[in-house]
Amino acid sequence: MKKILSLLMALTILLACFGMSAEVPVVTVNSWSWVDSGWADCLNAVFGNFAETHQDVVIDLDTYSCAYADVMNNLLVQAPTQTTPDIAMVKAAWVPQLLDLGVLADISTAMPAEALADYTEAALGAYRVDGKIVAVPYFGQGYAMFYNKDLFEEAGITELPKTFDEVLECARKISALGQDDKGNTIYGLGLVNSETELAEGYNVFPWLWAGGGDFEKDGSIVLDSEANLQAYTEIAALYADGTSPKGLSFKEMRNLFATGCLGMFWDLQSQTASFKAGSELGDAFIEHIGAFPIPGATKGTGVGYNDDVVLVMFNTCKNLEAAGVVLDYMTGATTIGYMKEYGKGKMSSRMSVMAQVYSDVSDPIAAAFVDANSTNHALPCMNLHFSEADEAITRSVTRLAQGEDPATVLKDVSEEITELYAE
C-alpha cells in the first residue's frame, strides 16, 4: 500500500509541476489508517480523487510512522522539536494533551468559514477553546442500540422501545426467558464492566443523559445529582437481577450478542462484522438483528454518543490556505461518500454532508445509525484528565456490579473526579 500511495503522490507532484509555473504547496497529513490494509481501497479512492481534482495542492501522506498505537507518542515527541505534520488524525480524547503543549493552531484561520458553519454547534462546540477551534470532527463513530429480533419475538415484544424506560422494560422481559435450548443464560441488556478497556466508563453516559443527569457542565463535575443517583441505582439493579452479565469487556459482550443470548446493547455500526464472525450463522446472522437510536426520557429524543475521530492542525503549518483545502476535503462529502461506499460505517457531523451522502439509505441497520447521528451527543473530553475520569467511572460501575450502595459509589466517584479536574 505504501508503494501505491507513494506513486500516487509522485504523480500528483508531476502533474502540478507541469501544469503550473508557481510552486505547489505541500500539506503533510498523518493518520493511523494508512497502515491498515482493510482501508487500502478506500484511501486510494479518497486521495486518488484529491490528486485528480486538486492539482493546486499536494498531500504528502505520512505512511511510515502512523500505526494507531504509536500516533500519540510520535506527536508528543515531534511537538517540542517542531517536526509535527501540518494535519493529523487523532482521537478526540487526545486533543487536551496537544492543547496543553500549546502546539495546536486555530483551524478557523485555515478552513473555509462555510465549511465550519456546516457543523452544528453541538458537534463543533466541544472543540472551541478560548474562542479558537482546536479540532474539527473528521468522522463520527456513533453508538446506537443493537437488538436481537428473535429474542424480542420470544419475549412478546412487538414494538421497538421509544423511551429509555421502555428499553429497561424490554430488557427484563427478555431476561425473563431464562435460558436458550442449549442451557445458556439469556440476558436482556448488556453493560460492559471488565475494567480492562478504555471507554468502559463513559459508556454509561447514555444512562445518565436519559435520566436528565450529566457528567460535566461549564467545566464543573456534576455527577453527584439525584438524576445520576437514579441511573446508578438502575445499573446496580441491572446486575443484581441478572438482566446484564457481569465482568464482560466490549469484545466479550459482542461475542455474547453473536451467540443470540443477549437482547440489546449499544455499540458501533462497524461491529456488525464482529457479530457475523462470532455467530454460527455467519453472514446470515445479520438477518436476525436490527438497530435503533438509544432513546432518551421522552419519545423522539436520543442519548447515544459519538466517539469522534478529529483532525487537528499544528502551529508549524506554513500554508494555511492549502491546509484549509485539505481539511475541507477530508471532512467533506467526497471523503465520507467513499467511506460509505467501502462500508466503513463512518458518518459526518457536517449537515450538508449527511444530507448528500446519506439521503437514501436502504440498509435498515445503517439507517438506524444515520437517525442516531442526529441526536447523538459529543463526549465532553476536552479536559486533560478525561481519560482518568473514564477509568474512575469504570471502577465505579464495577463496584455497582459487586453490589455496593449506589449512593456511596456515586459520591465517591464524583469527589474523585472533581479533585482530578481541580488540578
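**Note on cavities and salt bridges**

1. The structure, a predicted model, holds 2 cavities of 30 Å³ or more.

2. The lining of the largest cavity consists of Gly140, Gly142, Gln269, Asn306, Gly345, Met347, Phe369 and Asn373. Two elements, β6 (136–148) and α16 (364–373), each contribute at least two residues to this lining. Classified by side chain, the lining of the largest cavity comprises 6 polar and 2 nonpolar residues, with no charged residues.

3. Turning to charged pairs, 11 salt bridges are found in the whole structure. Side chains of opposite charge can pair when their charged atoms come close.

4. Arg254 and Asp267 form a salt bridge through their side chains, with an N to O distance of 2.6 Å. This pair joins distant parts of the chain, since Arg254 belongs to helix α11 (residues 250–258) and Asp267 to strand β10 (residues 262–268), 13 residues apart. Are these two residues, Arg254 and Asp267, buried or exposed? Both Arg254 and Asp267 are buried.

5. A salt bridge also connects the side chains of Glu416 and Arg395, at 2.5 Å from N to O. Here again distant parts of the chain are linked: Glu416 lies in helix α18 (residues 406–422) and Arg395 in helix α17 (residues 386–401), with the two residues 21 apart. Glu416 has a relative accessible area of 34% and is therefore partly exposed. Arg395, with a relative accessible area of 35%, is likewise partly exposed.

6. Helix α18 also carries the pair Glu415 and Lys411, whose side chains meet in a salt bridge of 2.6 Å, N to O. What separates Glu415 and Lys411 along helix α18? Because they are 4 residues apart in this helix, Glu415 and Lys411 are separated by about one helical turn. Glu415 is partly exposed, at 43% relative accessible area, and Lys411 is partly exposed as well, at 41% relative accessibility.

7. A further point concerns a network. Which residues are linked in a network of salt bridges? Such a network links Asp118, Asp328 and Arg350.

Terms used
Residues are numbered from 1 along each chain as its sequence is written. This is a predicted model: local features need pLDDT of at least 70, side-chain atom pairs count only at pLDDT 80 or more; totals for chains, interfaces and linings use all residues. Side-chain values use heavy atoms; hydrogens and water are left out. On a 1 Å grid over the protein atoms alone, a cavity is a set of points where a 1.4 Å probe fits but cannot get out, and a pocket is an open set with protein on both sides within 12 Å along at least five of seven lines; lining residues have an atom within 4 Å of a point. Grid points are joined across faces, edges and corners, and a volume is the space filled by probe spheres set on the points. Ala, Val, Leu, Ile, Met, Phe, Trp, Tyr, Cys and Pro count as nonpolar, Asp, Glu, Lys and Arg as charged, and the others, Gly among them, as polar. A salt bridge is a side-chain nitrogen of Lys or Arg within 4 Å of a carboxyl oxygen of Asp or Glu. Buried means under 20% relative accessible area, exposed over 50%, partly exposed in between (1.4 Å probe, protein chains only).
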